[in-house]
Amino acid sequence: MLRFLVLLRALRRDIAVLLFAMLRRDTPRAVKFLFPLTLLYLVSPVDLVPDTIPLLGAVDDMVILPAATEFLVRMLPAQARAEGEARVARYGTLMLVVASVVVLLWFVLLIWALSKVFS
């Protein structure tokens, strides 16, 4: 979980640009297909290098996700990328607050569910 949060923090600008680009019609279908798969790979328990191998398991995720997001951002049309970056600059702080609230709510829900299961 910590690895997931560190990667999202490091890549939040690129991920936000890609999220805004997903709403545009001129975004290539390849980007619209590969971006969710990239995020799914991050949370998936199936990895190219298993996490049980010390250091290499974490390095696997820390190389693939940044490379994939950089590749996808470069695949965006210039206008879509520029608009996405402008929207991130405008709404960046708001998105960070909303994402933090969502993560906090998930943790509260998880703790509540675990308390119900183990009580």
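Predicted model: local features only at pLDDT ≥ 70, side-chain atom pairs only at ≥ 80, totals over all residues.

Q: What is the angle between helix 3 and helix 4, and how far apart are their axes?

A: Helix 3 and helix 4 (residues 56-75) pack at about 165°, and their axes lie 10 Å apart. Helix 3 and helix 4 are therefore roughly antiparallel to each other. Their crossing is left-handed.

Q: Which residues of helix 3 and helix 4 make the contact?

A: On the helix 3 side you will find A30, V31, L34, F35, T38, Y41 and L42. Helix 4 contributes D60, D61, I64, L65, A68, L72 and M75. Sorted by class, this contact has 11 nonpolar residues, one polar and two charged.

Q: Now for another pair. At what angle do the axes of helix 2 and helix 4 cross?

A: Helix 2 (residues 12-21) and helix 4 cross at roughly 45°, with axes that come within 10 Å. An angle from 65 to 115 would count as roughly perpendicular and one under 35 as roughly parallel. Helix 2 and helix 4 are therefore oblique to each other. Here too the handedness can be read: helix 2 passes helix 4 in a left-handed crossing.

Q: Which residues of helix 2 and helix 4 are in contact?

A: From helix 2 they are D14, I15 and L18, and from helix 4 they are T69, E70, L72 and V73. By class, that gives four nonpolar residues, one polar and two charged. Notice L72 of helix 4, which is in the contact with helix 3 and also in the contact with helix 2.

Q: Stepping back, how many helices and strands does the chain have?

A: The chain has five helices and zero strands. Read from the N terminus, the order is α-α-α-α-α.

Q: What share of the chain counts as buried, and what share of the contacts join residues at least 24 apart?

A: Of the 119 residues, 24% count as buried. Among contacts between residues at least 6 apart in sequence, 65% join residues at least 24 apart.

Key: Residues numbered from 1 in each chain as written. Heavy atoms only, no water. Axes fitted to C-alpha atoms, helices over the stretch in contact; angles between N-to-C directions. Helix = DSSP H or I, 4+ residues; strand = E, 2+ residues; numbered from the N terminus. Parallel < 35°, antiparallel > 145°, perpendicular 65-115°, else oblique. Left-handed = near helix turned anticlockwise from the far one by under 90°. Contact = heavy atoms within 4.5 Å. Nonpolar A, V, L, I, M, F, W, Y, C, P; charged D, E, K, R; others polar. Buried < 20%, exposed > 50% of the residue type's maximum accessible area, 1.4 Å probe, protein only.
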